[in-house]
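I opened my notebook to walk through this structure step by step. Here is the picture I worked from.

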Amino acid sequence: MPTRLKDTDVAIIGLGAAGGVAAWPLAQAGLQVVGLEAGTWLTKKDFAPDELRNNYREWPQAVQKAQHEVPTQRVSAGAPTLRAATHPMMNAVGGTTLHYWAQSWRLNPWDFKVVSETTRRYGASRIPKGSTVEDWPFGFNELEPYYDKVEYEIGVSGQAGNIRGRTDPRGNIFEGPRAREYPMPPLRGSGFTDMMATAAARLGWHPFPGPAAINSRTYQGRSACMYHGFCNKGGCHVDAKNSPAVTTIPKAQKTGRLQVVTRAHVTTIEVDRDGRVTGVTYVTDGVEYFQPAKVVLLASYTYENTRTLLLSKSVAYPNGLSNNHGQVGRHYFSHNQQAGVTALFPRNLNTWYGLPAQGMGVDDFADDNFDHGPLDFIGGGNLWVYSDRRPIVAASMNTFGKAPTWGSAWKAFIKENADRTNTAYLQKTTLPYEDNYLDLDPVVKDPLGLPVCRITANYKDNEARVAAFIQDKMDAWYRAAGAIEVLRGPLGVMGPTTHAYGGTRMGDNADTNVVNRWGFSHEAPNLGVLGASVMGTSGARNPTLTAQALAWRTAEHLVNNWKTIAK
Amino acid sequence: MKGDDDSISRRELLKRAGAAAFVPVGALVSAARPAAAPPSQGPVSITREPLETLTMAEADALEAICARLIPTDENGPGAVEARAAHYIDRALGGALKSSRQAYAAGLAALDAYATASRGARFAALAPADQDRVLQDVAGGVAPGLPNGTFFNLVRAHTIEGTFGDPYYGGNAGFVGWDLIGYPGVRTIVNADEQRLGSAARTNHKSAYDYPMFTRARD
């Protein structure tokens with residue numbers, strides 16, 4: 001029998017991007033919160049500017065839970081099952097926000113209304129066949145106040161492009177109307193990003209610096225960014241990257257009502273006969289504990305959210321927790337963010353320093369910002385170029401067919417060109433489909449003997465067409481800026497990624513969604529789910545800020561309805 | 001100033017390694033004063049460090065592979081001066097332990113193929129013959145070395161050992177960073193240092209020359 005711990009109001013599983021944000025409004029409102037985190041604390045002294053360790057080896061974290069739970073993957077139910085060597089996420093207080101790029105976008109209004117807006121503008125026949133996409137249960141304006149709270153509480157730098165309907169060409173004119181400016185100006189440009197902005201403007205496009213959870217100036221007592229070049233899968237040595245580990249989690253701890261439990265490897269969520277959640281079972285160093293809680297918020301990661309629910313079988317939920325409608329694991333997709341474009345320039349770009357969030361974006365071809373009437377797809381992509389290069393990756397550059405891959409001719413090539421290449425980051429609309437889903441792998445298990453998550457998914461025609469269209473645009477942008485060679489990467493497959501959506505989708509209809517519009521289970525009323533696993537569309541931008549805004553909204557709903565939900 | 005940076009950092013490295021007797025003298029000279037010293041085009045005189053993982057025969061073959069992958073030529077020092085083989089030898093006992101068996105099998109197969117096809121162990125062949133053997137290994141033609149897998153493994157590790165942080169035993173004298181013009185690890189970068197046409201001053205430092213950081217497992 002597991003050791004039974006003292007009761008608490010709320011147990012949060014995972015203190016990463018989403019759980020780490022939710023803890024703060026809950027603790028602030030007076031609730032007792034236990035945060036169960038598989039990893040440990042890491043601080044700025046752990047974040048050396050060391051490319052080999054950060055980008056090629058294991059990170060400094062003490063716990064490598066995710067690395068033992070890499071999902072398996074197959075492109076369809078009949079296809080062979082493969083398994084990637086590594087998991088892109090990490091375990092620590094703050095989770096992957098410790099080493100993420102920190103791009104902190106709001107979704108655009110269209111992303112909330114893909115079905116109704118597509119139908120209105122082009123007709124229902126334009127929704128791709130087999131897609132299970134739905135409108136979100138609310139629109140952009142419902143989430144705007146929570147985007148605002150997160151931007152100000154954790155600190156997001158950026159340039160507003162639309163304040164209450166007034167557009168500002170210095171920012172993204174296609175963004176949804178925001179209530180006010182960002183709390184900090186955008187990160188500075190580099191010579192390279194300025195050069196790209198000039199080229200985009202020449203094409204008649206609308207370039208803008210993107211939003212980042214990174215301080216462009218001192219904010220809430222933390223330093224401004226040092227632009228030192230090790231942010232890409234690197235932690236911040238001056239705490240300028242606004243992970244919950246340095247923002248909302250310490251704030252919540254100061255209330256005295258957040259207890260952070262590290263090295264807590266959660267295995268199952270427990271329920272009673274009536275189907276209400278009673279608490280969480282976890283393992284630390286081989287010892288099993290039961291943390292009773294009036295409410296449980298599941299905030300691990302998309303793959304682990306689905307997996308934890310499917311592993312939590314009971315009399316009330318024989319097919320897994322909150323899965324009596326068979327929706328856990330459905331509507332899965334990973335972001336269409338491959339199919340990159342790489343360019344070679346005839347001059348040094350001086351991008352040895354900077355960071356992925358120090359870049360220039362173009363949204364003219366994202367979402368429904370352009371007429372799709374004559375096109376054969378819906379959605380689009382955000383074009384993003386940035387200043388970020390380190391020596392090993394630079395020496396490993398593509399040789400554009402101009403040199404062999406080793407020997408003196410190769411050496412001469414990289415000596416001349418190591419600082420003359422750039423790869424764009426192209427995030428594109430991705431939709432859920434009937435036959436793309438997550439479940440438990442029947443064979444592969446983690447070190448505790450529990451099945452890992454299995455991905456069965458592939459990109460469809462709509463994703464391939466968006467990718468080709470966006471690659472054309474990126475090609476044109478690079479050439480307008482003087483590129484002499486441009487290469488295109490492949491679409492790839494839906495393997496484990498940092499942008500994984502669905503599995504516990506949010507919506508009003510319990511037959512097609514796991515959680516309701518507030519993020520609480522349609523079946524277990526005191527179970528909430530946080531993270532991009534509740535998102536039904538991806539937009540053309542990083543999911544983290546949206547996951548955090550939703551987490552805050554779910555936490556606030558819990559506070560406002562505590563008596564009803566907690567009983 | 002550049003020389004000062006180099007010597008400070010080198011002293012740090014040697015202190016950490018506790019191996020002052022094994023300075024690769026040739027590499028130090030050519031790296032610290034690339035303009036003054038004429039580019040070395042022939043085999044360089046390198047004092048090899050005591051082996052930690054590889055056998056002597058394996059190390060001979062690996063050194064010879066590194067010398068052909070990133071040669072010492074008119075563009076300056078290569079993987080030998082960077083001590084890429086030393087980096088790999090150390091890492092195979094630690095972070096790259098899972099590749100140890102691949103090296104044992106791969107290097108043995110390489111020597112066997114070199115002997116069968118060219119009449120001598122790989123390290124004893126002339127550079128042109130070594131290149132032909134490596135082309136066959138990369139192309140998956142050599143028996144026991146399918147699909148170029150071993151070649152790609154050694155190539156990736158040689159790049160790590162030439163362009164990675166010197167803390168891990170490679171990139172000695174910062175020869176890899178100087179080759180591609182990487183201005184070095186720093187903790188603050190100003191706007192001027194990111195402009196087109198300007199380059200930051202070369203800063204020969206390892207990440208762990210900055211005392212604020214906890215050292216990595218190496």
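These entries follow the order in which I looked things up.

**Entry 1: what kind of model**

I noted at the start that this is a predicted model. I kept that in mind for every entry below.

**Entry 2: the five-stranded sheet**

I began with an open sheet of five strands in chain A, whose order is 14-15-16-13-19 and whose pairing is antiparallel. Which strands stand at its edges? I found strand 14 (359-362) and strand 19 (485-488) of chain A there. Each has a single partner strand, so one side of each is left without a neighbour in the sheet. From one strand to the next, the twist averages 20 degrees.

Next I went through the pairs inside this sheet. Strand 13 (residues 341-344) of chain A pairs with strand 19 of chain A over four bridges, in the antiparallel sense. In that pairing, Leu344(A) has Glu485(A) as its bridge partner in strand 19 of chain A. Strand 13 of chain A is also joined to strand 16 of chain A by four bridges, and these two run antiparallel. Here I looked up Thr342(A), and its bridge partner in strand 16 of chain A is Thr423(A). Strand 15 of chain A is joined to strand 16 of chain A by four bridges, again antiparallel. Gly381(A) has its bridge partner, Lys428(A), in strand 16 of chain A.

How many residues of strand 16 of chain A are buried? I found seven of its eight residues buried, and this strand covers residues 421-428.

A reminder to myself: strands of a sheet pair through backbone hydrogen bonds, either parallel or antiparallel.

**Entry 3: the four-stranded sheet**

Then I turned to another open sheet of chain A, with four strands in the order 5-4-18-17 and mixed pairing. Its edge strands are strand 5 and strand 17 (437-445) of chain A, each pairing on one side only. Strand 17 of chain A is joined by five bridges to strand 18 (residues 451-456) of chain A, and the two run antiparallel. I picked out one bridge there: the partner of Asp439(A) is Arg454(A), in strand 18 of chain A.

Which helix packs on this sheet? I found helix 8 (residues 302-311) of chain A, which touches strand 17 and strand 18 of chain A. The direction of helix 8 makes about 70 degrees with that of strand 17 of chain A.

**Entry 4: two residues with positive phi**

Most residues other than glycine have a negative phi, and most peptide bonds are trans. With that in mind, I looked at two exceptions for phi. Ala102(A) has a phi near 70 degrees, a positive value, and is not a glycine. Ala102(A) sits in the loop between strand 5 (82-83) and helix 3 (109-112) of chain A. Tyr227(A) has a positive phi of about 55 degrees, and is not a glycine either. I found Tyr227(A) in the loop between helix 6 (191-202) and helix 7 (248-254) of chain A.

Buried or exposed: which is Ala102(A)? Ala102(A) is buried, because 27 other C-beta atoms lie within 10 Å. Tyr227(A) is buried too, with 23 other C-beta atoms within 10 Å.

**Entry 5: the nonpolar cores**

The largest nonpolar core has 185 residues, and the members that touch the most others are Ile12(A), Ala22(A), Ala23(A) and Val296(A). I listed some contacts of Ile12(A), including Val33(A), Leu36(A), Leu297(A) and Ala299(A). Apart from this core lies another of 31 residues, among them Leu349(A), Val385(A), Met474(A) and Ala481(A).

Chain B has nine helices and zero strands. Of its 218 residues, 46% count as buried.

I finished with the contact between the chains: 40 residues of chain A touch 41 residues of chain B. On the chain A side, helix 10 of chain A gives the largest share, five residues. The residues of that side divide into 19 nonpolar, 11 polar and 10 charged.

How values were computed:
Residues are numbered from 1 along each chain as its sequence is written. Chains are lettered from A and ligands numbered from 1 in the order in which they are written. This is a predicted model: local features need pLDDT of at least 70, side-chain atom pairs count only at pLDDT 80 or more; totals for chains, interfaces and linings use all residues. A residue is buried if 20 or more other C-beta atoms lie within 10 Å of its own, exposed if 12 or fewer, and partly exposed in between; C-beta atoms are placed from the backbone. Two strands pair if DSSP finds at least two bridges between them. Two residues are in contact if their C-beta atoms, placed from the backbone, lie within 7 Å. Axes are lines fitted to C-alpha atoms, for helices over the stretch in contact, and angles run from 0 to 180 degrees between N-to-C directions. A nonpolar core is a set of buried Ala, Val, Leu, Ile, Met, Phe, Trp, Tyr and Cys residues joined through C-beta atoms within 7 Å. Ala, Val, Leu, Ile, Met, Phe, Trp, Tyr, Cys and Pro count as nonpolar, Asp, Glu, Lys and Arg as charged, and the others, Gly among them, as polar. Lists of a residue's contacts leave out its neighbours within four places in sequence.
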